Amino acid sequence: MNAIRHTISLVSLGTFQLARRTKGQHVQGFLLGTGLGLASFSAVTYAHSAEAVNPKVKGTQLDKSRFMAEPITDSKSLLEDKDNMRHRMELLIMEIQAEFCRALEAEENCGQKFKVDRWEREEGGGGITCVLQDGDVFEKAGVNISVVTGSLPPAAVQQMRARGKNLKEGAALPFFASGVSAVIHPRNPHVPTIHFNYRYFEVETAKGEKQWWFGGGTDLTPYYLCEKDACHFHQTLKSACDEHDATYYPRFKKWCDDYFRIKHRNESRGIGGIFFDDIDSPNQEAAFGFVSSCARAVIPSYMPLVRKHKNREYGNNERQWQLLRRGRYVEFNLIYDRGTKFGLYTPGARYESILMSLPLHARWEYMHEPNSKSEEGKLMKVLKNPKEWV
């Protein structure tokens, strides 16, 4: 079925998208291949919210069934030094990856599964790339983790110095970086795209001193604006922030609005969310707890929107608008996104994983301008002038 659908899409995207709106194309609410009924899905989504984030073990063995693949770091090492922040972060991002992948699979009407690609890097470390492509609900969904070590290249050192990091140029600087990153491109234009990234970084200076910090964020890119969805999304992120510091959400919401700005078009990529970097206070434990709360807020912020809109009817006009907005997404990621640039600068970069964020299909139309009174125009007003949602 997927092969037939892919062939048809290559012939005529517009015709195919119109055809697939018929109700016979969908098996409403059917969950295939996930092993998750609605009750167990709810448990996966919310069970960890109040849990400690220390590694869980079955006896003296790591419970690898919670992950999409084997950890990058040897399991014995992970268990022998459970208080090491490198290890704690690796276990957290592997759990986040698996929970989000299974939540997405549960929404696929025809049982599409993630392809799991575990890879290693000669310079040190590796990653797990999970991609669901050409699904019934998700045209392309990527959820990646990476756990890498090596020496910072000069371009990366320069970038970090520009952000105020006290790093010496011209010296070999050993580094460790781990993170989870996801970009979800839905098929239905009424379902928004989501992006999130949460990461931990360590650099060892020439004097043997260790600098560390966390970064991350979650942001939403709708093709059609639903204010209730926007409010739900932002309120979920605000609640996660407020657990730790009431000043976090307003600060990081503005940071997000400023960061995800397509400057050459004077418009935002989407309706924002939260974004932060260089978090190293009040202490490592508190910073880790904050990042954990934000990462675990992704599923409750996004999955209700998927279930609400995934089976809505749409036509060729909506599809073409979606492709135009995806073109804007590509522009931001290739021109401005700092994470993409860092990945491409890093020796041994795995380009397939770095460019996973790009959609299967996008469109650029010369001098396109939607009618200001249309639904597309309604979205553009918000993209030109970001607003407060909560």
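Helices (H or I, at least four residues) and strands (E, at least two) are DSSP runs, numbered from the N terminus. The model is predicted: local features need pLDDT of at least 70, side-chain atom pairs count only at pLDDT 80 or more, and totals for chains, interfaces and linings use all residues. Residues are numbered from 1 along each chain as its sequence is written, and side-chain values use heavy atoms, with hydrogens and water left out.

The pLDDT (the predictor's confidence in each residue, from 0 to 100) averages 84 over the protein. A score of at least 70 is reached by 79% of the residues. Over residues 1–53, pLDDT stays under 50. For this stretch the model has 72 contacts (heavy atoms within 4.5 Å) beyond four places in sequence.

Two loops hold backbone features. Proline 282 lies between strand S11 (272–279) and helix H9 (284–296). A cis peptide bond joins this proline to serine 281, with omega about 0°. Aspartate 134 sits in the loop between strand S4 (125–133) and strand S5 (138–151). Its phi is positive, about 60°, although the residue is not a glycine.

Helix H5 (residues 85–107) packs with helix H10 (residues 298–309): their axes come within 11 Å and cross at roughly 10°. H5 is therefore roughly parallel to H10. Axes are lines fitted to C-alpha atoms, for helices over the stretch in contact, and angles run from 0 to 180 degrees between N-to-C directions. Angles under 35 degrees count as roughly parallel, over 145 as roughly antiparallel, 65 to 115 as roughly perpendicular and the rest as oblique. From H5, Glu99, Phe100, Ala103, Leu104 and Glu107 meet Val298, Ile299, Tyr302, Met303, Val306 and Arg307 of H10. This contact has eight nonpolar, no polar and three charged residues. Ala, Val, Leu, Ile, Met, Phe, Trp, Tyr, Cys and Pro count as nonpolar, Asp, Glu, Lys and Arg as charged, and the others, Gly among them, as polar.

Isoleucine 354 belongs to helix H13 (residues 351–354). Not counting residues up to four places away in sequence, isoleucine 354 touches Thr340, Gly343, Leu344 and Ala349. Isoleucine 354 and threonine 340 are 14 residues apart in sequence, and their C-alpha atoms are 6.4 Å apart.
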